[in-house]
Every structure is written in C-alpha cells, then in structure tokens.
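Open the model in your viewer and keep the selection tool ready. This tour goes from stop to stop and says what to pick at each.

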Amino acid sequence: MWGILRQKVGGATCLSPQGVGSHMLRLRPVTSALRNYSSAAKEMTVRDALNSALDEEMAADPNVFVMGEEVGEYQGAYKITKGLLDKYGPERVVDTPITEAGFAGIGVGSAYHGLRPVIEFMTFNFSMQAIDHIINSAAKSNYMSAGQINVPIVFRGPNGPAAGVGAQHSQCYAAWYGSVPGLKVLVPYSSEDARGLLKAAIRDPDPVVFLENELLYGESFPVSAEALDSSFCLPIGKAKIEREGKDITITAFSKMVGYALKAAEILKKEGISAEVINLRSIRPLDRATINVSVRKTNRLLTVEEGFPQHGVGAEICASVVEDSFGYLDAPVERIAGADVPTPYAANLERMAFPQIEDIVRAAKRACYRSGTMVATA
Amino acid sequence: MSMLQWLTRTRTGGGNFIKKIICSNLTLCPNQATASSSFPSLLSNSRNRKGANFAFGYSYSCSSTYAAYFSARHYSSMKAGEQILSEEDEDESTLEENQGTDFPGGQIAYTTKMNFLPGSSEKRVQCYRVLDEDGYPMQSNVSELVSKEVALKVYSGMVTLNTMDKYFYEAQRQGRLSFYLTSFGEEAINLASAAALSSDDVVLAQYREPGVLLWRGFTVQDFANQCFGNNAGHGKGRQMPIHYGSKNLNFITISSPLTTQLPQAVGIAYSLKMDKKDSCVVAFFGDGSASEGDFHAALNFAAVMDAPVVFICRNNGWAISTPVTQQFRSDGIVVKGQGYGIPSIRVDGNDALAVYNVVRSARQIAISEQRPILIEAMTYRVSHHSTSDDSTKYRSVDEIEHWKTVHSPITRLRKWVERKGWWGNKEESKLHFEATKQVKQAIDEAEKEEKPPLRDMFTDVYYELPSNLMEQETMLRETIQRHPKDFPKDMPL
C-alpha cells in the first residue's frame, strides 16, 4: 500500500528540511506525545524505512547516489540498499574497492562538484580509516573555503555495539563526530526517525553523519501515513519526547531509547513517572527541549552505549548545569558503556553495556528512592 | 640451504647502509653478480631474524643525480632488470605448459620457469623533453608546439610567480606574514601545465602550484589578500597563507592534509563523467605525498571507475628533509601507474615546452578515452620546504645553487624565446620591473586592508547560520561591549 502512496505523491516537490520542519512543528508541537496517530496501521522495519528513504530521494534527485562496499550486487551488507542497483544502475549505486579513505575522499570530491553522495560504512568502526576525510575534507570545507564549497554528503552505517562482535566492531562514535563543528550528527531510533531523518540528511547542504544501529534494522515500528509520504522530512536538531512524564527526564538515543521506554514502564509501576527524550540529533543538540524537560521534572538521567568519558551524557549534563542549575533537585545521573574495549564473551558483553535494570536503578537513585547514594548501586 | 633462508635480509639496516654508500658516491654502479663483500655482517644479522622476508632486486638512486643506483641482491634464477614476461617462455614451453586457466579476472598462461618479477628495472624510465639544458630544441618540429602568445604568457607567468615568491618570502621573514611557501625551481610545471588545460578543467593542487591559479586570472593582489587574511580577499580570513582557492577559476581550495585531494579529484571526475562534460580533473601532488594511503586508493579507484583524471606528480626530490631515496624504493612515481593499470609518462619538469606538450596530450587521452593518466614531472625543489624550514641543514648549499642556476626552468625558456626573436633585454627589464612593482604594491595594500569582521567567525560553519552560533555571536558581542579593554581596539565588528 505504501508503494502506491509513494507513486501518487512522487511528483511532489521536496520541501527544505527547515520548511518541512516548521510545517511539522505547527501540526505537532515538540513537547506533545507524538506516538499515536488515528490513521496508523502500517508497521515498517527500520531497514525498510531506510531503504524506502534512499529509494525516494534517489528517484527525486538524479544527483543522489550511493557508494560503499557491497552496496550494489550484494544488496548491502545489511541489505539497506536492497533493490537499488537494479532500479538505478551501477552509476548511481557504486560498489567500491576496499578503501574507506578512498571512497570517503571520492564521495567528498563529488560533493564538492555538486553531486549528493550517500556513503555507506559497513560499520562506523571502519570510518576510522576515513575520518580525515570526514573531518578535514567534509566538515571544514565550507568554512575554510569561505562558503565557496559546501559538501552535501551523508555518511551512514551501523554505529555502536551489535551482539558478539568484539572491540573493533562495537564502538559508538556519537561523541567523536558530535564534537566537530561543520558536521551534523543524527541518531534515528524508530522507523519514522529513520525515514524522516535520512531524507532530511540527504537534502541537507551540509555533511551529515548518520548513525544507525544494526540491532534496530530488523525491528518493526508503526508508521503514520504522513511518514510514508515521499516528501516526509524530520527537522534536524529537534529531539522527540517519546513519553511524557513529570518526575525525571531520561535522555537517550538509538537503541537506548527502547531500553529507556521499557525502564519507564517499570518505573511507572513503582510510582515514578519518567519523561523519555529521544535525542534524534547529537549535533545540533536540542538543548532547549532537554532543558525545558528538566525544568519540569527537576531530575536528569542520560543514557548512552558509548564510553563515558567525554561522552554525549557529559555534554548534556554540562548544558543542563549551565542553563538549569537552579532547577535540579538531584545530581545528574549518567549511564554509559563500561570504560573498556568491548569484550566478546556474552556475559562480559552484557555487563559492558547499559541494561534496562541499570536505567531503573539510576532513575530511582535520582529520585532518592534507592536507599543508597552510590552511583554503582 | 633453502631458498627462503638465502633471501632473508633486514630491510632497514641494509637500506640505510647502502644509501650512505651511494649518496656519497655519485657514480653509476652496474649489476653485481653477488652481494658485495662490504656488508656480510648485515646478511648474517638478518639470517637470525624470525621469519623470511622476500627481498627482490633493489635499485637505489641519489636525489641529486638520478644517475647512481645499486642492485642489492641477486638470485640464481634471475638478475635484476631481466624481463620476466612470457615471450621467452613461449618459445621453450610445451603446449601443455602454455594452456592458461580462466581465473576470475582473466586468462593466465602457465610456465615452468620460476621467475620473480624484479622490484625495478635495470634502466630507469626515460624523461620526455623538448628543449635541452641550454634551451635548444632537440627536435625539428618544436615551433609548432606552442604559439608565441602562449609561450610568452607562460614565460611572464613564471617570472611573476618567481618574483611574487621572492617578496612574499621576505615579507614572512620580516614578520609581516606568518607563513609562506615558495615554488622556486618549479615554475615550469606551474605555468606550462596550466597553459595546457582549459578553464573548465577542475584543478586540485597540493600547495606548490599557485602558478596554475595565476595563469587562470588570480591576481597578485588576490594572493596577497589571502596571505594576509584580510577582508578584501574572498577567503574571509579563514585559512593560513598559501591555502588559496577559487570556485570561479575551478581551483579547489588547498587542503593541508597531504594527498586528500587525490581521491577528491576522482570524485569530481566521477561527477564530470555523469555530466558528460568535455573537461577533466587535474590533481597535483609531490613525491612524498605519493606515500600516503590516499594515493593508492585514488589511483586504483580512478582506474576502476574510468575517471578522467590527470594525476601530475612534482617529483622534486625532497619531502621536507626526506629525500626520495628514503621515500620509496621504486623508480620514482611513474612506474607506480602501471601497478594500477594507468598509462604513465615521465617528463622533464624544468622544460616548459615538454610539460606543456605532455599535459596537453594527457588531457586529450583522459577526456577522449575517459581514463586516468599519471604524469611524473622531474624537477628539483630549489625552495626550502617553507618558511618553517632551513634546508641547508640537510642538504648542501652547492647542490641547491647548482639546480637553481644550471637547471633553471626560467632561464631555459627565456633562451628559447629570445632565439625565436620573441623576447629581448628590453622586454625582460620591463617584465621584472612591472612584476616587482605589482608584488610590492600588493603586499602593502593587503597589509593595510581591514581584517574580516566578527560575523565571519561564525558564518559558513554550516550552509545556514544555526541558532547556537547566533547565540554565541550575541554573547561575544555583549562581552566585548562590557569589557572593551580586553579586546584589541582596531578589531572590526
């Protein structure tokens, strides 16, 4: 059915992310709960959401092309680019030799000249081999060239841990890329996030780092009819309140949003009403939404899978302390992955990343309900 | 003793030792049948190393002559330089031997002779040149190569570049500029290559090619404005000196990390391919840059993607203090093209006419056949690496002087245009006078110009100014208003 919808609205001109964003805001103010649509019936996996977003953007703009290892004939290492080679041909779905530095550099070069590449890293762990191009060729070019060369490129791929893939396949790069001016960093959670944010990223004139999650690819989420429209776009830099609450604010992104929501259910049974914020965007960080929420609940808990030092939670904590110190009734709680390269053994891996119980305990600590003040409790 | 043990050697130990022998001895050493007795101690050391390293025939060359090389090791089955191709084999082998197999990638025939391809060939790849050292044509049809107009524009550009370099360098020494990098000795590559291109060809340079911008219309004043980071330049004071760029002139802004411009060039060529334009991309880089990973990725990719890129290497013998003998073991850069399936040529980089001819031809091939070409322009870095370097610390003043005078590309071209009757002393004096005046004026003007306003610190980070940066700018202006004594008085707001 959504295929038919797509064809019907295929002719619609694409609105700019800002334009669509404000359109979205007029319909649904950021602080309201966005989950229930009267017309929602369709479910879609994150994988299909990304695939459909790529497909629609490639159909709408002939300058958009996909490049990466195994994206063509193999249909994508995680099948995100399935069917695109057959539909658009090898000029627009480019299988590359194994050189991240090479194809990232080539992508940036093509963007300098007006193409809109979507570069896939098999995992962002491999983007390390291309990070110079992401930072020094993409992020800084518009600034250093005094506005002459903008780089409308998207770097996308799975980020953070999967399951049993060890240290060199499990690091979360949200904090690393989030610290670089000139980049935009997006972290979708649901299928709607995936569609709306990827489409916004591709249309954006700036370089975007798009951090997906391997384990979320197969998860299904309900999608509204609006989200299925080919002109659908989510604003970059706006977080989403996934669940309203009044006792504590929990910020999370990517897979941890799901964990935070489950933790919120458990907390509700214990009389704690948690507000869960899906960040959606690491850079720009939606400090306004976070601060408004903390001023309402007076307590903050940040959740991420990445390493704790210099992490996303550290930035959020600093921002809230700077802007809303007087509103905090408890120290900010920060949950992150263990400060170790990810171990492989299943039991060790489980203990290296936040679990739902960790979120619950931390929330209770912040509400002075745990009986101990120690953060490791 | 097994073949493997016999082949073991230490690379670094042997390499440096041999290099010392060669670099102090500029004569040619032909093949030696066995390893010389002067380093048995190295060999015995190396046999103790764990694991076998295959070591093939090395040739070393000294940067200052290109003439000396030394073949380090030989094996009973082959001498360095021997062609390993199957021509001989086909005569001797039987029908069974010669049947190939269709491996993925194509048919490959078999042989019973175990031959290792040598690391490098006995003779170095020759250099294409048109004019000899004294500017005399080496062939009869040289006149048809280039028109008077183009030749004189190239010559004037070379002199202007040389003059600009001289005074901008001085300005840095006087403390008026923070940094500068000259192109002394490489003026022919700069101007002659630019002359061979069309203005639609997109150029990605490394940093020693400002002559290309000069040819295309970037004025000396523009160069000065960029170096001084003032408001009159188009750079908004964002970049350190010599990091020029001009979208209008199809010259991508210089980027400091080396060699990143090569894969970017391939990307731009890909874009041009999709547009089906009659233009190509030209990417410049130095001999040292070719060691970066990006070099390999770019060349490999360009070949696979049939990208119309002309890669031009300025092999000037030095990468700051690292001579080419320490940079690679191959016969320069030209031979590397074949490793990627790219047609390559070596040219005398100090011969403006040769450079012009080669780049023009390469461009034709790249565009008509839609494939990459590699050009290695041999030259010498008369300059110090930059104003942060004093190269007399690692090379002799005599060597620099020799290349500056005997091999000067400017002198060579001047002799040719003078003999053609296109140029004389009067024109020469006038050119030098005008260029000097222009450069000095540009420096003075650029220095006096206002610096960029505060707003330019925040713009262009993103395509549109985001709210957080607007906030920061507001806060900064408030702070400046409240504490004016903490900020410089003449800072434009």
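Helices (H or I, at least four residues) and strands (E, at least two) are DSSP runs, numbered from the N terminus.

Two notes before moving on. This is a predicted model, where local features need pLDDT of at least 70 and side-chain atom pairs count only at pLDDT 80 or more, while totals for chains, interfaces and linings use all residues. Residues are numbered from 1 along each chain as its sequence is written, chains are lettered from A and ligands numbered from 1 in the order in which they are written, and side-chain values use heavy atoms, with hydrogens and water left out.

**Stop 1: the sheet of chain B**

Strand 3 and strand 5 of chain B pair in the parallel sense, over three bridges. Two strands pair if DSSP finds at least two bridges between them.

Look for B:Ala283, which stands opposite B:Phe311 in strand 6 of chain B. Follow the chain from strand 5 through helix 11 (residues 293-305) to strand 6 of chain B: this β-α-β crossover is right-handed. That is, with the strands pointing away from the viewer, the path from the first strand over the helix to the second runs clockwise.

Strand 6 and strand 10 of chain B run parallel and are joined by six bridges. Here B:Ile312 stands opposite B:Ile375 in strand 10 of chain B.

Show the whole sheet. It is open, with six strands of chain B in the order 4-3-5-6-10-9 and parallel pairing. Strand 4 (251-252) and strand 9 (344-348) of chain B stand at the edges with a single partner strand each, so one side of each has no neighbour in the sheet.

Return to strand 5 of chain B. Is it buried or exposed? Six of the six residues of strand 5 (residues 281-286) of chain B are buried, so the rest of the structure largely encloses this strand. Buried means under 20% relative accessible area, exposed over 50%, and partly exposed in between (1.4 Å probe, protein chains only).

**Stop 2: a covered helix**

Select helix 9 (residues 220-228) of chain B. Seven of its nine residues are buried, among them B:Phe223 and B:Phe228. What covers the buried residues of helix 9 of chain B includes helix 6, helix 8 (210-216) and helix 17 (425-448) of chain B. Just after helix 9 of chain B, B:Gly229 takes a positive phi of about 60°.

**Stop 3: salt bridges**

A salt bridge is a side-chain nitrogen of Lys or Arg within 4 Å of a carboxyl oxygen of Asp or Glu. Select B:Arg176 and B:Glu447, whose side chains meet in a salt bridge (2.9 Å, N to O). B:Arg176 is in the loop between helix 6 and helix 7 (187-196) of chain B, and B:Glu447 is in helix 17 of chain B, 271 residues apart. B:Arg176 is partly exposed at 28% relative accessibility, and B:Glu447 is partly exposed at 32%.

Switch to chain A. A:Lys255 and A:Glu305 form a salt bridge (3.1 Å, N to O). A:Lys255 lies in helix 11 (residues 255-269) of chain A and A:Glu305 in the loop between strand 13 (300-303) and helix 13 (312-324) of chain A, so the pair ties together parts 50 residues apart in sequence. A:Lys255 is buried at 12% relative accessibility, and A:Glu305 is buried at 10%.

For a network of salt bridges, select A:Glu56, A:Glu57, A:Arg195, A:Lys199 and A:Arg203.

**Last stop: a loop residue**

Select A:Phe121, in the loop between strand 4 (116-120) and helix 6 (131-139) of chain A. A:Phe121 is buried, at 1% relative accessibility. Beyond four places in sequence, its contacts (heavy atoms within 4.5 Å) include A:Phe103, A:Ile134 and A:Phe155.
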